[in-house]
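Here are my notes on the complex you sent over. Have a look at the coordinates alongside them.

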Amino acid sequence: MTAPSTLPVSTSILPLEFYRVSFEAGGKRLIKDLSCIFAAGPSTIILGPNGAGKSLLLRLCHGLLKPSAGQIIWHGAKGRDPSAHQAMVFQRPVMLRRSVAANVDYALALRGVPRRRRRDMVAESLTETGLARLAHHPARVLSFGEQQRLALARAWALMPQVLFLDEPTANLDPAATHTVERVITAIHAAGTQVIMTTHDLGQARRLADEILFLHRGRLLEKGPADAFFAGPRNDLARAFLRGELLWRRPRDDDSDQETRNG
Amino acid sequence: MTDFGSALGAALSLVIRLDPDLAEIVLLSLKVSVGAVFLATLIGMPLGAAVALFRFPGRTAIVVMLNALMGLPPVVVGLIVYLILSRAGPLGVLGLLFTPAAMIIAQVVLVMPIIAALTRQVIEDLWTEYEEQLRSLGAGPGRALTALLWDGRFTLMTAVLAGFGRASAEVGAVMIVGGNIDHVTRVMTTAIALEVSKGDLALALGLGIILIVLSTGINGAAFVLKEAAQRRHAG
Ligand SMILES: Nc1ncnc2c1ncn2[C@@H]1O[C@H](COP(=O)(O)OP(=O)(O)OP(=O)(O)O)[C@@H](O)[C@H]1O
Ligand SMILES: [Mg+2]
């Protein structure tokens, strides 16, 4: 899934740089001294066991959380508000108490899209995600999987430069998973930078150009997807791909990870 | 028991005949309570929502004041409003004492804190759920507030009705600031108190029946509406 960006590079808010970013909450360091660059182009998938900090990392990227130390810089923003060019699909979808179509319409209205243009955009995004026939249903009575697709439709309608997806197919049946993957591929092909998490390794192989492997708040590996799946350099990442339970490893395991693999 | 029976009969006939005195009292009661609840909603809802969402100077003072007002007995509220509106009081020049306007003011003071407190609860709960999503979509504070008020509309309706319940059931405050003057400030609750003390059970009972029917009717309708809405929107 490599797609040339249709946006001229100069208008993109990317690249996004994390410089020695840490995040603390409840007296614990949950993201530890993380540095990396998300460049325009490759679709990026963040892998890692439960509690690794994947959702936190996406929230930090999206600006919903502020780092306790370090810096998060949108190098292409050039004075613009980077948040106006991003969208996020959360692990737990949140739907407003209105119809399916009105949920998408509301998001467009917030971005200042004029009313007469909104109707077509709403219809298109619902059709693409297979929700057109539910357009006038109240959003909150949809099944969990349908709500997740609606969250995707809502984010997509915004045509963001960068789209964050937190386990977008975690509750979907195979057909819906296929639909969502097709939509994500289309979004990426249209020039939107996709940064997502998943526990579905098959999906990661299908969608990722680049893999980030996260474990206990540390970035242990970052590189092209082919190389990662062919054999990660990091032994924890290797164990993760083999399906071993990383959380059973003793706690002191993560203290010296970076020296061992850096 | 025969006393009660004949009083009940007379009361029912008053209600069925739509006795003009009785109708006047009922209408005035509704005007006062509905007016008071309307104003209290206008003030209390934005106030409760603002306290739920924003940290601003004076916020703590508002919270303390709302809580204090909520705990005050109605007669005390009546007394305070009386003092403010009386000829020697700060708003004495307006000449509002012993008018329906004075009763509305007293009831606003009684009802507004309830509506504000319930609104705050509803909006805080919704905000917990919506915050990240709304921030992600780029909703500023104003837009977020409108979205929350709209999405909380059915629960907020219950807050308004709770306010209406307190307003229409209240005697002490309206008695003090209204004076229970016949054809001017006599409402259902004050009339009941007076008629019972005079021994005229028929009118008191008639009014009592109407009061009960009104409040169960409104609450029943609200309940049905809310249930239907919640089923429609899954909470
Ligand atoms: N506000 C918070 N306060 C304290 N701890 C938190 C907070 N938010 C997250 N955590 C902890 O941070 C760790 C990482 O959380 P995160 O949600 O990012 O995990 P994840 O990698 O997305 O896991 P999953 O695969 O289960 O979604 C978890 O151990 C979680 O308990
Ligand atoms: Mg997560």
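**Notes on the model**

1. A:Arg216 counts as buried, at 16% relative accessibility (buried is under 20% relative accessible area, exposed over 50%, partly exposed in between, with a 1.4 Å probe and protein chains only). The residue sits in the loop between strand S8 (210-215) and strand S9 (218-224) of chain A. For the element names, helices (H or I, at least four residues) and strands (E, at least two) are DSSP runs numbered from the N terminus. As background, most residues other than glycine have a negative phi, and most peptide bonds are trans.

2. Before going further, the ground rules: this is a predicted model, where local features need pLDDT of at least 70, side-chain atom pairs count only at pLDDT 80 or more, and totals for chains, interfaces and linings use all residues. Residues are numbered from 1 along each chain as its sequence is written, chains are lettered from A and ligands numbered from 1 in the order in which they are written, and side-chain values use heavy atoms, with hydrogens and water left out.

3. On confidence, the predictor gives the complex an ipTM of 0.87 and a pTM of 0.83. Chain B averages a pLDDT of 90 (the predictor's confidence in each residue, from 0 to 100), and 99% of its residues score at least 70.

4. B:Leu18 is in the loop between helix H1 (2-17) and helix H2 (20-53) of chain B, and with a relative accessible area of 61% it is exposed. Over in chain A, the peptide bond from A:Leu14 to A:Pro15 is cis, with omega near -5°. A:Pro15 falls in the segment before strand S1 (16-25) of chain A.

5. Which protein atoms hold the magnesium ion (ligand 2)? The donors are A:Ser55 through OG and A:Gln91 through OE1, at 2.0 to 2.3 Å. They link distant parts of the chain: A:Ser55 belongs to helix H1 (residues 54-62) of chain A, whereas A:Gln91 is in the loop between strand S5 (86-89) and helix H2 (100-110), 36 residues apart. Donors here are N, O and S atoms within 2.8 Å of the metal (3.2 Å for Na, K and Ca), and water is not among the atoms, so the site may look incomplete. A:Ser55 is buried at 17% relative accessibility, while A:Gln91 is partly exposed at 33%.

6. A:Ser55 turns up again at ligand 1. That ligand is surrounded by 13 residues, and the closest are A:Gly51, A:Gly53, A:Lys54, A:Ser55 and A:His199 (a residue is near a molecule or strand if one of its heavy atoms lies within 4 Å of it). A polar side-chain atom of A:Ser55 is 2.7 Å from an oxygen atom of ligand 1. An N or O atom in the side chain of A:His199 is 2.7 Å from a ligand oxygen, and a polar backbone atom of A:Gly51 is 2.8 Å from one. On its own ligand 1 exposes 630 Å², of which the protein buries 61%; these accessible areas come from the Shrake-Rupley method with a 1.4 Å probe, and for residues only the protein chains shown count as cover.

7. Chain B has 10 helices and 0 strands. Its C-alpha trace spans about 70 × 50 × 25 Å along the principal axes, and buried residues make up 43% of its 235 residues.

8. B:Arg120, in helix H5 (residues 100-137), is 57 residues from B:Val63 in sequence and 10 Å from it in space. B:Gly92 and B:Ile212 are 120 residues apart along the chain, with their C-alpha atoms separated by 36 Å.

Technical notes. A polar contact is a pair of N or O atoms within 3.5 Å; within protein, one must be able to donate a hydrogen and the other to accept it, and residues adjacent in sequence count only if both atoms are side-chain atoms.
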